[in-house]
Amino acid sequence: MYRLNMENNKFRALFEQAAVGVAEIDSYSGQFITINQKYCDIVGYSEEEMKTLSFQKLTHPDDIQEDLSNMKLLVEGEIREFSMEKRYFHKNGSLVWVKLTVSPLWSLGERPSRHIAVVEDITQKKQAEIALKESEEKYRQLVESTNDWIVEVDKEGKYVYTNPQVETILGYKPYELIGKTFMDLMTKEEAERVYEIFAGTIQELGKFERIENICLHKKGYEIVIETNGSPFFDSDGNLLGYRGINRDITERKKTLKMLDYLAYHDYLTGLPNRLLFNSKLQIAIEEARKKNQKIGILFIDLDKFKNINDTLGHQVGDELLQDISQKLISQIIEKAVLARLGGDEFILYSERVDSLQEINTLAQKILEIFLKPFTINDLELFVTVSIGISLYPEDGEDVHTLIKNADLAMYEAKAQGNNHIKLFEKEMSIRIQERMDLENRLRYAIERNELSIEYQAQINMVNNQLTGMEALLRWNNPRIGYIPPSKFIPIAEEMGFILNIGEWLIRTVCKQIVLWKNSGFTIPRISINISVKQIEQTNLVRIMKHISNEAGISLNCLELEITESVIMSQTEKNIATLDALRNLGLQLSVDDFGTGYSSLKYLKRLPIHKLKIDKSFVSDISKDSNGETIIRAIIALAKSLDLVLIAEGVETVEQANFLIGEGCILAQGFYYSFPLKPDHFFDRWINIKK
């Protein structure tokens, strides 16, 4: 008995101190009979509480059926024990995963009425497994849903896995690629190229990165693929295969190709741009230097192209440029390269030029393109060009110098009129330097008080009465001396300084009017020349109001002279500006009428009151019957439009008599008065006014 008690005590100690939960459970009711402390700790209940519970109460509903089925087999002797993983409800409501092992307590000749349940807490292990499974599922979903084509190949390069994206990229279903290699998806040449790169990259880096390869779509067209990946190994370091991520970069390559094209080509015409032209010319120069050959450069500039954009719109201008570029291309010989530098400027070089005559012949062919009108949207547009020529090596031995000198020659051609060709001459550089010097001096002419105004009388030729005067701008530079308006006004126009000069002129004239009024000399009207840039680029109406208010005079005593270029650039904004000026009391006249474009149909749209017959027609009187005919036509036009008419440049009595006889009684010219400084003008006319 003592020995039996000792054994029972040992068993009880083992039972209580076991590292796993152990319980004796009724086989039929599932009630806990005896429970060790570890079992209680696992489920969170005390031993007394456990004895009031059954294993069914603690078991998750999803696991009960498997548990009961195993218990039935155990009780019926079909199995000697069973093990399973199941979930218990902890007392705090959480789930506890356990590994359950159940064995029967047999009674001799009877079915077991009790069994021993041993449980091991595997919650952490199961949570890790579940997390891993969830992670694997997320990874699988990511792999399946990504836009990239993900593959795994064995060490022979055969596909053992590919995600569904391969169908989107290459048109194949995943199963169609299993067992194939990447070489089956390429041309032989491409496969050999890619394999060489692949092998070299693996050997050098141990992985492959950004390998571009061209695969054939199932339908036969090419797809550009970028591949990144690495090999994978077993636990012993043996190569198992390769895993890779393939990305379709076909569109990206097209975009990069287009961007690369646009970086070196003009977007509108498709011609090479300045960057590509300079690069090609540099190569041509190096080749010509080795072979002692000549290169001809033609700088081509469209004359007054801005007028087309301003009057007809940029869309018409763009279509015209495209048409011109195509016609230029048609004249380009094989050894020549044509480019568009931007705006209305084109440039061309021709290699292996044998003589100046050869490049001049090419320039003449280009001029012939512009002898016929261009038709854009049923509009016939006449365009002229100016072409400057420079030669390598005579006019320069580098790209910059050759282009610069051709540009200088082009400006000389433009100065000679429309459709001219000019070969570069070294004197041009001197003239350009002089022009730059003139520009720099002109910028400071106002603040250094170098500008002045002279006034030329406008006379009624019938009674010799003063009817008005024109304010004429003069520039005397201390170093250069007198610079005629015909020389500095165009420069001021080009550099934009005409806006400053124009405002200074208006302000100075208004101040002079006040001085004369205070001296008792009131003149009928003073005319001032206005640049088209002043109308287009400034708020001329506001400026005129401000200056007149500042001087304290009425604008009725001023007349603004506009050129025919204003008539031709009749934007609605310009017309509105001229209407507003007229409403301020200013009168408007057209200067040098008849010397520019055929503008008669536009004349009636403008709020003008006077036409000025240009002195070039007046000087033809008694010399050229054509000039006299033009004068008669202008006089008739002015009468039909009820416009006042004045002739400028009248220098002889014959000219005066002819004009009076034809009905033009107002004149301006040396025959009546030279331009005079304000004080001299006052002295000359004050007595007559009185």
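# Report on a predicted structure

Aspartate 303 lies in the loop that runs between strand 11 (294-302) and helix 12 (305-312). The structure in which it is found is a predicted model. Although aspartate 303 belongs to a loop, it is buried, because its relative accessible area is 9% and the limit for a buried residue is under 20%. Beyond its neighbours within four places in sequence, aspartate 303 is in contact with Thr384, Val385, Ser386, Lys414, Asn418 and Asn419.

## Confidence of the model

The average pLDDT over the chain is 86, and 92% of the residues score at least 70. The segment of residues 1-11 has a pLDDT that stays under 50. For this segment the model shows zero contacts beyond four places in sequence.

## Residues compared by accessibility

Serine 350 is placed in strand 13, which covers residues 345-353. Serine 350 is buried, with a relative accessible area of 1%. When residues up to four places away in sequence are not counted, serine 350 touches Lys294, Ile295, Gly296, Ile333, Lys335, Ala336, Ile359 and Leu362.

Lysine 72 is found in helix 5. With a relative accessible area of 54%, lysine 72 counts as exposed, because the limit for that class is over 50%. Between lysine 72 and tyrosine 28 there are 44 residues of separation in sequence, while their C-alpha atoms are 9.1 Å apart in space.

Glutamate 196 belongs to helix 9 and is exposed, at 61% relative accessibility.

| Residue | Relative accessible area | Class |
|---|---|---|
| Aspartate 303 | 9% | buried |
| Serine 350 | 1% | buried |
| Lysine 72 | 54% | exposed |
| Glutamate 196 | 61% | exposed |
| Asparagine 449 | 68% | exposed |

## Backbone features in loops

Asparagine 449 also has a backbone feature to note: its phi is positive, at about 55°, although it is not a glycine. Asparagine 449 is located in the loop between helix 16 (426-443) and strand 18 (451-460).

Asparagine 377 has a positive phi of about 50° and is likewise not a glycine. The loop that holds asparagine 377 lies between strand 14 (374-376) and strand 15 (379-381).

A further feature concerns a peptide bond. The bond from tyrosine 392 to proline 393 is cis, with omega near 5°. Proline 393 is in the loop between strand 16 (385-392) and helix 15 (399-415).

## Nonpolar cores

The largest nonpolar core contains 78 residues. Within this core, the residues with the most contacts are Leu442, Val509, Ile526, Leu558, Leu611, Ile613 and Phe681. Helix 18 (residues 498-518) contributes the most to the core, with eight residues.

Isoleucine 613 has contacts with Val618, Ile631, Ile634, Ile635, Leu645, Ile646, Ala647, Glu648 and Cys664, leaving out residues up to four places away in sequence. There is also a second, separate core of 33 residues, and Val316, Leu338, Ile369 and Ile376 are among them.

## A cavity and a pocket

A search of the whole structure finds one cavity of 30 Å³ or more. The volume of the largest cavity is about 40 Å³. Its lining is formed by Ile25, Tyr39, Phe55, Asp67, Met71, Lys86, Tyr88, Leu100, Val102, His115 and Ala117. Two or more of these lining residues come from each of helix 5 (61-75), strand 3 (82-89), strand 4 (95-107) and strand 5 (110-121). By class, the lining of the largest cavity has eight nonpolar residues, one polar residue and two charged residues.

The second largest pocket holds about 470 Å³ of space. Its lining consists of 28 residues, of which Val153, Gly157, Phe182, Phe198 and Phe208 lie nearest the centre of the pocket. At least two lining residues are supplied by each of strand 6 (149-154), helix 9 (188-205), strand 8 (208-216), strand 9 (222-233) and strand 10 (239-248). The lining of this pocket divides into 19 nonpolar, six polar and three charged residues.

Methods. Residues are numbered from 1 along each chain as its sequence is written. This is a predicted model: local features need pLDDT of at least 70, side-chain atom pairs count only at pLDDT 80 or more; totals for chains, interfaces and linings use all residues. Side-chain values use heavy atoms; hydrogens and water are left out. On a 1 Å grid over the protein atoms alone, a cavity is a set of points where a 1.4 Å probe fits but cannot get out, and a pocket is an open set with protein on both sides within 12 Å along at least five of seven lines; lining residues have an atom within 4 Å of a point. Grid points are joined across faces, edges and corners, and a volume is the space filled by probe spheres set on the points. Helices (H or I, at least four residues) and strands (E, at least two) are DSSP runs, numbered from the N terminus. Ala, Val, Leu, Ile, Met, Phe, Trp, Tyr, Cys and Pro count as nonpolar, Asp, Glu, Lys and Arg as charged, and the others, Gly among them, as polar. pLDDT is the predictor's confidence in each residue, from 0 to 100. Contact means heavy atoms within 4.5 Å. A nonpolar core is a set of buried Ala, Val, Leu, Ile, Met, Phe, Trp, Tyr and Cys residues joined through side-chain atoms within 4.5 Å. Buried means under 20% relative accessible area, exposed over 50%, partly exposed in between (1.4 Å probe, protein chains only).
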